[in-house]
Every structure is written in C-alpha cells, then in structure tokens.
Amino acid sequence: MSALAETHVEKLPPALCETLRRAERLEYWNIFWTITIVIVMGLVLGQSQTMKTAWIEDTLGLVPPIAFLIAARMERTGRRSRRFPFGFERVNGLGFFLAAVALTATGALLLWDSAMTLIRAEHASVGSIELFGHDIWLGWLMIGAQIYALIPPMIIGRKELPLAEKLADKLLHTDALMNKANWMTGAAGVAGIIGLGLGWWWADSAAAAFIAFDIVHDGLKALRSSTAELVDGAPRGLASVNISEEAEALEKALAERYPDARILLRETGRLIRAEVHGCLPDEPFDPDGHWPGKNDRSWRLAQISFVPSSKADRDNAS
C-alpha cells in the first residue's frame, strides 16, 4: 500500500488503535443507554419546564457520541488521495465543531424559554395518574426518571475521560464532561419538581434555566476550542481554550533547538503539525527526537516542516 493511500488510523500506534476501538464500543453503549433515558423521561414529562429542558438535554446527549462514531469511521476508512492528501485527520475536529454549535444554539433557546416563563409567571402543575388502581402523584415518577437518568452518564463519563486523554480527542472529552456533569441536571430537576409539589411555581422554571445555562456554558467553551482548530489556531487543551501543555512544551523545545527561527504550531484533529521558519533542519534529521514529552505521546507530532528564509528576508535582516 502506498503512503498516499494510507488512512489516518493506519499511521497511529497499535495500542492507540485499540484505545480508539474501545472508545467506539463505549459510545455505542452510551447511545443505547441515552435512548432508554430519553424514552423514560418522555413518558413522564407532564407540564414541567424542568422535565422538558432535561429531556431535551438528554436528547442532545446523542449528538457527541454519534458525531464521534461517524468521525472515527471516516478516520478508519477514509484513505489519502489527490483530493484529500491529508486524509481525514480533521474530521474529528469538524464533528467537535458541529456538536458545539448544536449545544450552544439549543441551550440558548431553552434559556430564553425558561426566562420568559419566569417573567410571565406561568404556573405549571403536576397532576396525578392512575397506576395499578391507585392515584399516584406524577412528580414521584418524574423524580424516579431523573434519578435513573443520572446513573448511566456518570458511569460512562468516568470511563470516557481516560480514553479521551490517551486519544487527545476533544469530541470524546466533551462528551465525557457532559455525561459526568449530568448529576447537576438531575439534582436541579429533582429540586424543581419538589418545589412544584410544595407550591413554589417559580422553582420549576428556575431549575430549567439553571440546566439551560449549564448547556450554554459547555457549548460556548466547546465552540471556542473547536473554532480555534478549524482556523489553524495553536493546539488547545482538552478541557480548556488555552494552549495545551504539550504544545507549549513542543514550542519551547523547538525554539531552544532553533533559536533564530520562528515556530508555528497548528492542530489537525489529534495531531500537531509544526513549521520552523527561517532555518534548515539538523543533519542528520531525526523527527522523533523533536518531541519533548514521553515517547508514547510522540505520535501527536505528525510533521515538522522547515521553511528557509527567502532572499527578501535575508536582505531585510542585513
């Protein structure tokens, strides 16, 4: 097989490929459990603004795992060609961007809806249903559904975090944080329903607004980080919009090795590409020796390009 026809995954270390397969299997389970949560929550929605917002958030929870699985498949099967000489290294970043847009837009709409409900002082009510010959307050079923909705995301989120760190995968990491933080949604939802039961009409919409605000916060942070990659910004951290520690260390190491050069770094999916402007490489050139961190992370440095000074640059310098 020629180098041009390789897929992105075929260039990764075997151990990392196995980690990627584990992450894919986990995301299939994530989708399965999220669908059961959406069904359970949908059966007991009632008129509660909190339940409506939590149900929409749970439905949104399907976006990151589906985007991850599509991106992983394209990475695994998409071969390099004349039309796509770099393969599909950035498809994960594109999925990350689309998930961030969906989160931010939907969170903003839910926040607006909850705020308007509070301003108009709309009173939601939670009635009773007949179950097995007994009248049961629907709020108890809502609380049970909220508690059920906490358990799978907490377990899956904890399993996703170490995989995301090994893969340097922002999309998977965002999904893990969303799953791990779902206890806030459940706690807010339970509080809102109990508040309705106590006659506090505002508790339901206030809890919904709290959930919606958390969605917007996560979405905006993901949007900033994903946009930076798409416009060739310096590599960002997994859980931050700041430049990643690995990128900072790489830039420092290259600057020390080539003191008169200008160092440029950009991120393409999981990988980092470096450009050294104003000098030529060492002889003999050893690309593996340029990674400053642990050897098992050196796969992140996909390319080092050297751009010697042009005649105009040398004339200006003199």
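Q: Leaving aside its neighbours within four places in sequence, which residues is N92 in contact with?
A: In this predicted model, N92 touches F68, A71, E75, D169, K170, L171 and R270. Contact means heavy atoms within 4.5 Å of each other.

Q: And where is N92 found?
A: N92 is part of helix α4. Helices (H or I, at least four residues) and strands (E, at least two) are DSSP runs, numbered from the N terminus.

Q: Is N92 buried or exposed?
A: Buried, because its relative accessible area is 4%. The cut-offs are under 20% for buried, over 50% for exposed, and partly exposed in between, using a 1.4 Å probe and protein chains only.

Q: What should I know about the model before going on?
A: Residues are numbered from 1 along each chain as its sequence is written, and side-chain values use heavy atoms, leaving out hydrogens and water. As the model is predicted, local features need pLDDT of at least 70 and side-chain atom pairs count only at pLDDT 80 or more, while totals for chains, interfaces and linings use all residues.

Q: Okay, how many helices and strands are in the protein chain?
A: Ten helices and five strands. The chain has 318 residues, and 45% of them count as buried.

Q: Which strands form the open sheet?
A: The order is β3-β4-β5, with mixed pairing. At the edges are β3 (262–268) and β5 (301–307), each pairing on one side only. Strands pair here if DSSP finds at least two bridges between them.

Q: How many bridges join β4 to β5?
A: Six, and these two strands run parallel. Strand β4 covers residues 271–277, and A274 stands opposite I304 in β5.

Q: Which helix lies across β3, β4 and β5?
A: That's α9 (residues 245–257), running at about 150 degrees to β3. Axes are lines fitted to C-alpha atoms, for helices over the stretch in contact, and angles run from 0 to 180 degrees between N-to-C directions.

Q: New topic: how many salt bridges does the structure hold?
A: Twelve. A salt bridge is a side-chain nitrogen of Lys or Arg within 4 Å of a carboxyl oxygen of Asp or Glu. One of them joins R273 and E89, at 2.7 Å from N to O. That pair links distant parts of the chain: R273 is in strand β4, and E89 is in the loop between α3 (63–77) and α4, 184 residues apart.

Q: Is R273 buried or exposed?
A: Buried, at 8% relative accessibility.

Q: What about R300, which side chain does it meet in a salt bridge?
A: E246, again at 2.7 Å, N to O. R300 sits in the loop between β4 and β5 and E246 in helix α9, 54 residues apart. R300 is buried at 4% relative accessible area, whereas E246 is partly exposed at 23%. Salt bridges that share partners bring K170, E246, E267, R297 and R300 together in one network.

Q: Last one: which residues make the nonpolar surface patch?
A: L118, I194, L198, W200 and W202, with about 500 Å² between them. Patch residues have over 30% relative accessible area and no salt bridge; like charges are joined within 9 Å, and nonpolar side chains (Val, Leu, Ile, Met, Phe, Trp, Tyr) within 5 Å. Areas come from the Shrake-Rupley method with a 1.4 Å probe, and for residues only the protein chains shown count as cover. L118 itself is found in helix α4 (residues 91–120).
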